[in-house]
Amino acid sequence: MPQIITEQNLRNLIDLLVKEAKLVVGPKLSGSVVLYEPLTAGSDLTLDALPRRSSKELFFPICEDILSYKRENGAMKVNDVDRSKFPEAVLIGAPPCDAGSPAILDAVMSWDYKDEFYLERRRKSTIVGIACTKGDDACFCRAVGLAPDAEAGSDLFLTPLKDGSYACNAVTEKGQALVAAHQNLFSEGAGAEPKPFVDQAVAKLNLVKIKKWLEEHFEDPLWEKIADICVGCGACAFICPACHCFDINDEGSTDDGVRRKHWDACGFAKFTNHASGHNPRDVQNKRYRNRIMHKFKYYDDKFGKTLCTGCGRCIRACPVGIDIAEILETINSKQD
Amino acid sequence: MCKSDNIYLPNLATIEAIVDETPDVRTLRLVFQDEQVRENFSFRAGQFAEYSSFGFGESTFCIASAPTRKGYIECCFRSVGRVTESLRRLEVGDTVGVRGPYGNSFPIEEFFGKSLVFIAGGIALPPLRTVIWNCLDLRDKFKDITIVYGARSEADLVYKHELKEWQERDDVRLVKCVDPGGAGPDFDGKVGFVPTVLEEAAPSAENTIALVCGPPIMIKFTLPVLERLGFTDDNIYTTLENRMKCGVGKCGRCNVGNVYVCKDGPVFTARQVKAMSQEF
């Protein structure tokens, strides 16, 4: 039987979760922009805009300590980070293009060597996704196989209804547990009609065809044509729900400090620079080609998934107007 | 420390010896501080590690010593950046971090019964030096061993003391060279670029494996020479030294096309290299 939660009860749920000492993260107005931030009360939840950055940082922070070191009586000591202290967390109000990103990133973070920083946060978190009714003309989730009502990645999925309440589907055991623990906030019933989803300008892409074209066109005039205007600012990577490149650096003195893992971007000129000065991706269009290849070919080769959720953030953020959806449509329409 | 599931935690090692190979290339001999790690650390020739200088970060170098030499490992690096310059400031007795070993290795057992030709340029000798000593320590397993090694100038040749040792051994043929203009008055090697000197040295390709490491430009001109000498792409091995950070297939920078050098390599045959997207 479908379950319904009213908007007030959704906010009450957040209040309760905060009282339970859970880290509740959701879209919140921060100054003039909406960001995923810790919610201190249900009234913080802002569901009328896509947050500027994706929700990936709940699992994979922009910058995090991976160890600390301290010289004691002349001897260096390295200390692990206590991951058991990572809080139980609930991500609430993430649309499918954000809620779906961990389901993609789990693959790279857990193959062979396991990144327990990411994986421990994943184990301790529940994702309450929400069907998207506020897309704009940069959205292209349908084109990459998701949809405004795609449940992939969500533990509990909410569909906004015309009367302001939400239809709830507990997709996973974590989602069922969240509902069961707060059953009084939910009621059974079919509810009202769902709110309509926004039409998307980008037609559905044939990702198999695109991948095949990429495979055969590592060298192609397209790369220079589309990407020599790229200024290498890295904004597209930093707001992306799926980009996972990072760097490792120390912060502190030679005697006392921390080692940190922090986001990086393949668009940066020095990303692949060798010690000799030689750079395999020596010009910007090679770096941009890597971005497209990684998302639509390499990641699929390795893990069977596309490294893009179609959120459109990179299109909105690019200072020179590079439009990844347009590039994919161009490739999709090629005859050869 | 090793029992943690934190894949980024290094083991601690003490610098036991420092050798200045050239004015800006240095070897560190490292001994693990933890007794268990010291006894149990094992690697294969061709694998690499992440070496850390506390307060600065990590750098990726091959393990340049041979797995047949127990009790220590060595790395060899040129000081060019923040981390390598800080590693250079360290002294005997200081502590560094070591994560690894990572990546694949040279299939040395498959080379048993064959002749070997090592071809290296400049600071690319360390990744082959681990194999050279590994094979010299098992000398009776191999037929002829030839080493062709060149650098820009005499001063840029690394492992000078070992070059002398190899030169004096009668079971190794060492052909050393420097680029035109790079020889001093007493230089006892050849003058010329590595590919040209290799062609003149003309090692037989019969039942022989070639192991090549050098700057991209050297590799580019060496592969056709090897082909002319009769080497097939399956009998040529190289190790790619791309920039890395995590070393474990996550951070996304060492890839050549869809090949992750840190996980799928760093050791590849020429056939594998030719099949990759040409992004070197």
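Trainee: Where is the place of Y159(B)?
Mentor: This is a predicted model, and in it Y159(B) is in the loop between β8 (145-151) and α4 (160-168) of chain B. The residue has a positive phi of about 50 degrees although it is not a glycine.

Trainee: What makes Y159(B) count as buried or exposed?
Mentor: The number of C-beta neighbours inside 10 Å, which is 21 for Y159(B). A residue is buried at 20 or more, so Y159(B) counts as buried.

Trainee: How do you know whether D112(A) is buried or exposed?
Mentor: By the count again: D112(A) has 10 other C-beta atoms within 10 Å. The limit for exposed is 12 or fewer, therefore D112(A) is exposed. Its place is in the loop between α3 (101-110) and α4 (116-123) of chain A.

Trainee: What is the phi of D112(A)?
Mentor: It is positive, about 55 degrees, although D112(A) is not a glycine. Most residues other than glycine have a negative phi, and most peptide bonds are trans.

Trainee: How many helices and strands has chain B?
Mentor: Eight helices and 15 strands.

Trainee: Why is chain B called as compact as a globular protein of its length?
Mentor: Because its radius of gyration, 18 Å, is close to the 19 Å that the globule rule gives for 280 residues. The C-alpha trace of chain B spans about 50 × 45 × 35 Å along its principal axes. Of the 280 residues of chain B, 52% count as buried. Of the contacts in chain B with a separation of 6 or more, 68% are between residues 24 or more positions apart.

Trainee: How many residues does the contact take from chain B and from chain A?
Mentor: It takes 37 residues from chain B and 42 residues from chain A. On the side of chain B, β4 (57-62) and β6 (95-102) are the elements that give two or more residues. By class, that side has 15 nonpolar, 13 polar and nine charged residues.

Trainee: Why are α6(A) and α9(A) called roughly perpendicular?
Mentor: Helix α6 (residues 207-216) and helix α9 (residues 284-303) of chain A pack at an angle of about 90 degrees, with their axes 10 Å apart. The range for roughly perpendicular is 65 to 115 degrees, so the pair of α6(A) and α9(A) gets that name. The contact is made by L207(A), I210(A), K211(A), L214(A) and E215(A) of α6(A) and by M293(A), F296(A), K297(A) and D300(A) of α9(A). By class, that contact has five nonpolar, no polar and four charged residues.

Trainee: What makes β5 and β11 of chain A edge strands?
Mentor: The open sheet has four strands in the order β5-β4-β12-β11 (chain A), with antiparallel pairing. β5 (75-80) and β11 (246-252) each have a single partner strand, so one side of each is left without a neighbour in the sheet. The twist averages 25 degrees from one strand to the next.

Trainee: How do you know that β11(A) and β12(A) pair?
Mentor: Two strands pair if there are at least two bridges between them. β11(A) and strand β12 (residues 256-263) have seven, in the antiparallel sense; N249(A), for one, has R260(A) in β12(A) as its bridge partner.

Trainee: Which strands are at the edges of the sheet of eight strands in chain A?
Mentor: Its order is β3-β2-β6-β7-β8-β9-β1-β10 with mixed pairing, and the edge strands are β3 (33-38) and β10 (186-188), each of which pairs on one side only. Strand β2 (residues 23-30) and β3(A) pair in the antiparallel sense over six bridges, with P27(A) opposite Y36(A) in β3(A).

Conventions. Residues are numbered from 1 along each chain as its sequence is written. Chains are lettered from A and ligands numbered from 1 in the order in which they are written. This is a predicted model: local features need pLDDT of at least 70, side-chain atom pairs count only at pLDDT 80 or more; totals for chains, interfaces and linings use all residues. The radius of gyration is taken over C-alpha atoms; the globule rule is 2.2 Å times the number of residues to the power 0.38. Two residues are in contact if their C-beta atoms, placed from the backbone, lie within 7 Å. Ala, Val, Leu, Ile, Met, Phe, Trp, Tyr, Cys and Pro count as nonpolar, Asp, Glu, Lys and Arg as charged, and the others, Gly among them, as polar. Axes are lines fitted to C-alpha atoms, for helices over the stretch in contact, and angles run from 0 to 180 degrees between N-to-C directions. Angles under 35 degrees count as roughly parallel, over 145 as roughly antiparallel, 65 to 115 as roughly perpendicular and the rest as oblique.
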